[in-house]
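Reader: I would like a close look at how this protein is put together, in plain terms and with the cut-offs stated.

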Amino acid sequence: MQAKRVLTLAGDGIGPEIMQQGIRVLETVAAKFNLSIKMESALIGGAAVDAEGQPLPASTLAAAKESDAILLGAVGGTQWDTLPRPQRPEQGLLGIRSQLELFANLRPALLFEPLASASTLKPEVVAGLDLLIVRELTGGIYFGQPRGVETLDSGEREGFNTYRYRESEIKRIGHVAFQAAQRRGKKLCSVDKANVLEVTGLWREVMNELAAEYPEVELTHMYVDNAAMQLVRAPKQFDVIVTGNMFGDILSDEAAMLTGSIGMLPSASLAASGLGMYEPCHGSAPDIAGQDKANPLAMILSVAMMLRHSLQYPEAAAAIEQAVADVLTQGLRTADIAHEGNSIIGTQAMGEAVIKALN
Ligand SMILES: NC(=O)C1=CN([C@@H]2O[C@H](COP(=O)(O)OP(=O)(O)OC[C@H]3O[C@@H](n4cnc5c(N)ncnc54)[C@H](O)[C@@H]3O)[C@@H](O)[C@H]2O)C=CC1
Ligand SMILES: CC(C)CC(=O)C(=O)O
Ligand SMILES: [Mg+2]
């Protein structure tokens, strides 16, 4: 059988530290389940800016297109924040998402039972939480044209971005979300700001039209401000949430805290072709980079999502998820998920603990 090709893009900040643990876990399951996986690495983000003067080198994009799946750490850091915008690390990430048409971003917020007390919310509010945010990833205000900053006749500067969605873009993410709801609890909540923004009024209309094709799924709508509030008031009311690029970005960081930490939330970004990129939902965490403090579990759980969604190795994926559950049951915690009485371990030790639980 031909080896499955995985491209690893470690990126910046804590990216390389967590990627190292993700790769070790992938190597461990590959050996355990006799999987044929070939890994290759490439540059993205600030690391690519430093080496090649641009955040998404053509060689990285070409390697990504030839892969069966991509693993990404994180990009960004203050040292690149003053560069012209097209040269900044974040543009590398936005660029690869857009160039590979990774329009469907799945962000599952699942509470591992031993972490109920790690959440800043009361344990009874989050116990049993299992929700999925389906975020549109290649459209909306992050990609709207025109964009820029202009100086008006008055001398005052004006910044502008445009919030656009085509009907076809809404439809394709809608189908992904309805189908996810069909496989899960059959409840889909579409989050918009249809009371103010025309573009999300169209979003709501299209979701309503699609609902006829999925009669077994209960579709509801919620304004994004209410959704932000409901996520901390009663998060278990949600099964699947579908929303646009920016609202999904914000709500998924909020949902991460229900699970104990942003360091627990993995993600899959999928194209219609089946190609997928897998990355933790968090960023490069410059405040803890290089200190062996980062929680590698979101990265490791992203490896599991990759094995399930792109490589079709569901047993290996389940084994990783079980190993993560086991280390948490053993009381092992990085600082971000530690609670009173826990002893704290570092990034590498957490990776090693997952590997030990797998063996
Ligand atoms: N997907 C990506 O590559 C993303 C990149 N960024 C970039 O990352 C940089 C930092 O952005 P921030 O807004 O600070 O977001 P961030 O997610 O990097 O960090 C927010 C907070 O969460 C903590 N944190 C994040 N991941 C953690 C982990 N695995 N374990 C423990 N603690 C963790 C950080 O220490 C920090 O206190 C910026 O340059 C930003 O543009 C931000 C979000 C996503
Ligand atoms: C840095 C942004 C481009 C991405 C982001 O915050 C995210 O995808 O969660
Ligand atoms: Mg984000």
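Author: The model is predicted: local features need pLDDT of at least 70, side-chain atom pairs count only at pLDDT 80 or more, and totals for chains, interfaces and linings use all residues. Residues are numbered from 1 along each chain as its sequence is written, while chains are lettered from A and ligands numbered from 1 in the order in which they are written.

Domain 1 consists of 1-111 + 262-359, and domain 2 covers 130-258; these bounds come from an automatic or database domain assignment. Their C-alpha centres are 24 Å apart. To the contact, domain 1 gives 19 residues and domain 2 gives 20 residues, two residues being in contact if their C-beta atoms, placed from the backbone, lie within 7 Å.

On the side of domain 1 that touches domain 2, helix H4 (89-99) and strand E4 (104-110) are the elements that give two or more residues. Helices (H or I, at least four residues) and strands (E, at least two) are DSSP runs, numbered from the N terminus. E4 supplies the largest share of that side, seven residues. By class, the side has 13 nonpolar, three polar and three charged residues. Here Ala, Val, Leu, Ile, Met, Phe, Trp, Tyr, Cys and Pro count as nonpolar, Asp, Glu, Lys and Arg as charged, and the others, Gly among them, as polar.
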